[in-house]
Amino acid sequence: MAQPQCVVYDGGIAHPIDASPAEALAEARRRGGMLWIGLTAPTDDDVHELAEVLHLERLGVATALRTHQRSKLERFGDHLYVVVQPSQYDDTTETVQCREVDLFVGADFFVVISGDGAVDVDRLRALLDEHPDIAARGPLGVLWGTFEYVTRGYRDVMDGIEHDIDEIEEELFGEDEGVSRRIFALQREVIDLRHATAPLPAIMDRLEHYVALRTPNGEAPGYRELADRARYIDARVAAFRETLDNALTIHATLVDQRRNDQMSEMTRRSIEQNDQVKKISSWAAIGFAPTLVAGIYGMNFQHMPELAWPWGYPFALGLMAAVSAGLYVVFKKKDWL
């Protein structure tokens with residue numbers, strides 16, 4: 001079995017111990033304190049061996065060995081199994097990174113398992129060193145501190161997403177049609193964040209009730225505060241998704257409107273071009289009539305009608321004028337001129 005990190009807490013004071021989990025647990029119970037255990041990227045056998053030492057329920061262990069779980073709270077026997085998802089936001093790539101952490105909470109032990117090693121379990125334990133009063137409250141106090149750390153981390157994530165949504169809203173009325181890809185990509189990240197945050201209000205409510213039953217005054221104000229924060233986080237993330245849905249719809253409408261405007265402009269230009277063609281064709285026909293008459297009478301033949309007629313020339317001019325005038329009237333009625 002890979003050697004886990006074992007720290008015994010006695011009255012909030014940390015005592016790192018280089019021993020097996022069984023020996024560390026015995027030492028914690030001898031001191032009347034709590035054992036904190038951290039496992040990073042363990043194998044299935046590592047988890048099963050630790051479960052035997054702590055007498056964890058098999059169903060809970062089997063659940064912990066499944067990856068890609070949402071935030072959840074389960075009670076197995078006399079211990080709790082909790083999945084939390086600390087998150088970070090990369091503003092450069094506009095991606096939310098949700099990492100799974102499995103927790104086993106017993107009467108005198110607290111186990112942190114980072115299955116893929118992406119979460120620094122030392123950072124979670126450092127919270128206890130920075131705030132000894134949390135460790136002094138036992139495993140349920142440490143669980144509160146863990147949720148306090150995780151939920152406060154969501155604040156930076158939500159601020160980053162909100163900043164990018166503000167940028168998207170400014171880009172909506174621009175000419176960049178690629179903003180739809182940005183909206184869709186950010187929407188997927190918000191959905192992933194929602195998977196991590198949506199179960200939190202129910203989890204906090206259950207924990208508040210669970211802890212209240214185990215306190216002398218029957219209250220758990222710390223968990224009540226976490227429940228309120230969880231509801232705020234869930235509502236804000238849900239609002240992000242709704243805003244992005246609306247932004248995507250608005251952008252699609254704006255794109256359609258621009259395309260309709262372009263089509264209208266193309267249609268208007270086409271109509272103008274048709275009008276110009278009609279006018280040019282009409283004047284060409286009007287000008288062609290006199291040319292045709294002049295061309296016929298300009299042919300050098302001896303035997304042509306009206307060559308010896310005194311009124312031949314005026315007749316030809318009148319014919320040209322009459323044909324041109326007639327064509328003008330016809331085209332004018334057809335609204336070609």
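**Reading rings, strands and charges**

Q: How many aromatic pairs does the structure hold?
A: The structure holds two of them. One is made by Phe76 and Tyr81, a tilted pair with 6.5 Å centre to centre and 50° between the planes. Rings of Phe, Tyr and Trp (its six-membered ring) pair if their centres lie within 6.5 Å; planes under 30 degrees apart are stacked, over 60 edge-to-face, and the rest tilted. Keep in mind that this is a predicted model, where local features need pLDDT of at least 70, side-chain atom pairs count only at pLDDT 80 or more, and totals for chains, interfaces and linings use all residues. Residues are numbered from 1 along each chain as its sequence is written, and side-chain values use heavy atoms, leaving out hydrogens and water.

Q: Which residue does Tyr81 also pair with, and how do those rings sit?
A: A pair of rings is described by the distance of the centres and the angle of the planes. Tyr81 also pairs with Phe104, again tilted, at 5.2 Å centre to centre and 40° between the planes. This pair links distant parts of the chain: Tyr81 belongs to strand β5 (residues 79–84) and Phe104 to strand β8 (residues 101–105), 23 residues apart. Helices (H or I, at least four residues) and strands (E, at least two) are DSSP runs, numbered from the N terminus. Put together, Phe76, Tyr81 and Phe104 form one aromatic cluster.

Q: Is Phe76 buried or exposed?
A: Phe76 has 10% relative accessibility, so it counts as buried. Buried means under 20% relative accessible area, exposed over 50%, and partly exposed in between (1.4 Å probe, protein chains only). Tyr81 comes out at 0%, so it is buried too, and Phe104 is also buried.

Q: How many residues of strand β3 are buried, and which strands pair with β3?
A: Six of the seven residues of β3 (residues 34–40) are buried, so the strand is largely enclosed by the rest of the structure. Two strands pair if DSSP finds at least two bridges between them. Strand β1 (residues 5–10) pairs with β3 in the antiparallel sense over five bridges, while six bridges join β3 to strand β9 (residues 109–114), and those two run parallel.

Q: Which residues link helix α8 to helix α9?
A: Asp205 and Arg231 do, with closest N and O atoms 3.1 Å apart. Asp205 lies in α8 (residues 200–212) and Arg231 in α9, 26 residues apart. For a network of salt bridges, look at Glu94, Asp164, Glu167, Glu171 and Arg182.

Key:
A salt bridge is a side-chain nitrogen of Lys or Arg within 4 Å of a carboxyl oxygen of Asp or Glu.
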